[in-house]
Amino acid sequence: MVTYYKDNYTDIAVVQRTKPGNLVCGDAHIVMQMEEYSICAVVDGLGSGRGAHESAEKAVQAIKEHHKETAVEILQRCNTSLSNERGAVITLLHIDYVNRLLTYTNYGNIGFILYYPDGTVVQPMPKRGYLCGRKQKIVSEQYEYKAGSTIVMYSDGVEKVPSKQSLITHFDDSDVISEKLYSVNDDATLMVGKLK
């Protein structure tokens with residue numbers, strides 16, 4: 001199933017799939033489109049099933065409650081919320097519409113790619129590890145963006161990210177929901193967004 005989020009500054013589509021055989025998805029996502037910014041995150045609870053789902057949902061709840069804080073502070077809140085849980089990996093973006101600035105923060109193997117309209121690609125290396133309440137050093141990176149830029153975030157259940165050309169030129173639903181993109185052995189979440 002594809003979920004769409006649209007406002008005057010972003011068009012975002014998210015595909016999330018549960019690992020075959022499980023009743024709940026161990027991945028989660030959140031898109032909060034506010035007046036001057038958006039918060040977007042993909043969360044993967046460790047493992048799969050109920051325990052992974054509960055960890056992912058706790059992190060999403062922390063993001064909802066603290067979305068006005070900085071990206072680093074939000075991830076620190078997620079870490080605190082995951083004490084005595086399995087844990088989770090997270091990539092979070094704060095999209096500042098006023099200054100046209102993306103703040104990226106990550107802990108664990110959730111991929112992120114920023115495609116500029118001129119074909120330039122930014123793909124930071126994810127931080128190794130996971131959040132579970134232990135003290136962690138969380139940092140952020142900032143990137144200016146231009147209208148027409150595309151963001152992609154994906155959990156490790158996404159085996160193949162849609163091609164750069166299809167994302168830059170036009171968003172093709174059939175490409176995003178193609179069965180070939182997702183693992184049959186894991187939960188999967190793919191978020192694709194166009195920045196205006």
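Visitor: Why is N99 called exposed?
Guide: This is a predicted model, so the value is computed from its atoms. N99 has a relative accessible area of 51%. Exposed means over 50%, so N99 is exposed.

Visitor: Where is N99, and what does its side chain make a polar contact with?
Guide: N99 sits in the loop between β5 and β6. Its side chain makes a polar contact with the side chain of D96, at 2.8 Å. N99 and E36 are 63 residues apart in sequence, while their C-alpha atoms are 9.3 Å apart in space.

Visitor: What makes β4 and β5 a strand pair?
Guide: A pair needs at least two bridges. β4 and β5 have nine, so by that rule they pair.

Visitor: How many bridges join β3 to β4?
Guide: Seven bridges join them, and these strands also run antiparallel. A28 stands opposite V43 in β4. β3 and β4 form a hairpin with three residues between them.

Visitor: Why is β4 called mostly covered?
Guide: Nine of its nine residues are buried. Y37, I39, A41, V43 and G45 point one way, S38, C40, V42 and D44 point the other way, and all are buried.

Visitor: What do the buried residues of α1 pack against?
Guide: They pack against β3, β4, α2 and β5. The buried residues of α1 include A52, A56, A59 and I63.

Visitor: How do you know that the length of α1 agrees with its number of residues?
Guide: Helix α1 covers residues 49-66, which is 18 residues. At 1.5 Å a residue these should span 26 Å, and the end C-alpha atoms are 26 Å apart, so the two values agree.

Visitor: Which residues have the most contacts inside the largest nonpolar core?
Guide: V43, I63 and L92 do, in a core of 24 residues. The elements that give two or more residues to this core are β3, β4, α1, α2 and β5. A second, separate core has 22 residues, including V14, L102, Y116 and V122.

Visitor: What does L92 contact beyond its neighbours in sequence?
Guide: Leaving aside residues within four places in sequence, L92 is in contact with residues including I39, A41, I63, I74 and L75.

Visitor: Why is T91 called buried?
Guide: Its relative accessible area is 0%. Buried means under 20%, so T91 counts as buried. T91 is in strand β5.

Visitor: What makes the approach of T91 to N106 a polar contact?
Guide: Their side chains are joined at 2.8 Å.

Visitor: Is T10 buried or exposed?
Guide: T10 is buried, because its relative accessibility is 0% and buried means under 20%. T10 lies in strand β2. The side chain of T10 makes a polar contact with the side chain of Q33, at 2.7 Å. Among the residues that T10 contacts, leaving aside those within four places in sequence, are S38, I95 and Y97.

Visitor: How many aromatic pairs are there, and why is the pair of Y9 and Y97 called stacked?
Guide: The count comes to two. For Y9 and Y97, the centres are 4.1 Å apart and the planes are at 20°. Y9 lies in the loop between β1 and β2 and Y97 in the loop between β5 and β6, so the pair ties together parts that are 88 residues apart in sequence.

Visitor: Why is Y9 called partly exposed?
Guide: Its relative accessibility is 33%, which falls between the 20% and 50% limits. Y97, at 5%, counts as buried.

Visitor: What makes the pair of Y104 and F112 stacked?
Guide: Their ring centres are 5.1 Å apart and their planes are at 25°, so this pair is stacked. Y104 counts as buried at 3%, and F112 is buried at 1%.

Terms used
Residues numbered from 1 in each chain as written. Predicted model: local features only at pLDDT ≥ 70, side-chain atom pairs only at ≥ 80, totals over all residues. Heavy atoms only, no water. Helix = DSSP H or I, 4+ residues; strand = E, 2+ residues; numbered from the N terminus. Buried < 20%, exposed > 50% of the residue type's maximum accessible area, 1.4 Å probe, protein only. Polar contact = N/O pair within 3.5 Å; in protein donor to acceptor, adjacent residues only side chain to side chain. Contact = heavy atoms within 4.5 Å. Expected span 1.5 Å × (residues − 1). Core = buried A, V, L, I, M, F, W, Y, C linked by side-chain atoms within 4.5 Å. Phe/Tyr/Trp six-rings, centres within 6.5 Å; stacked < 30°, edge-to-face > 60°.
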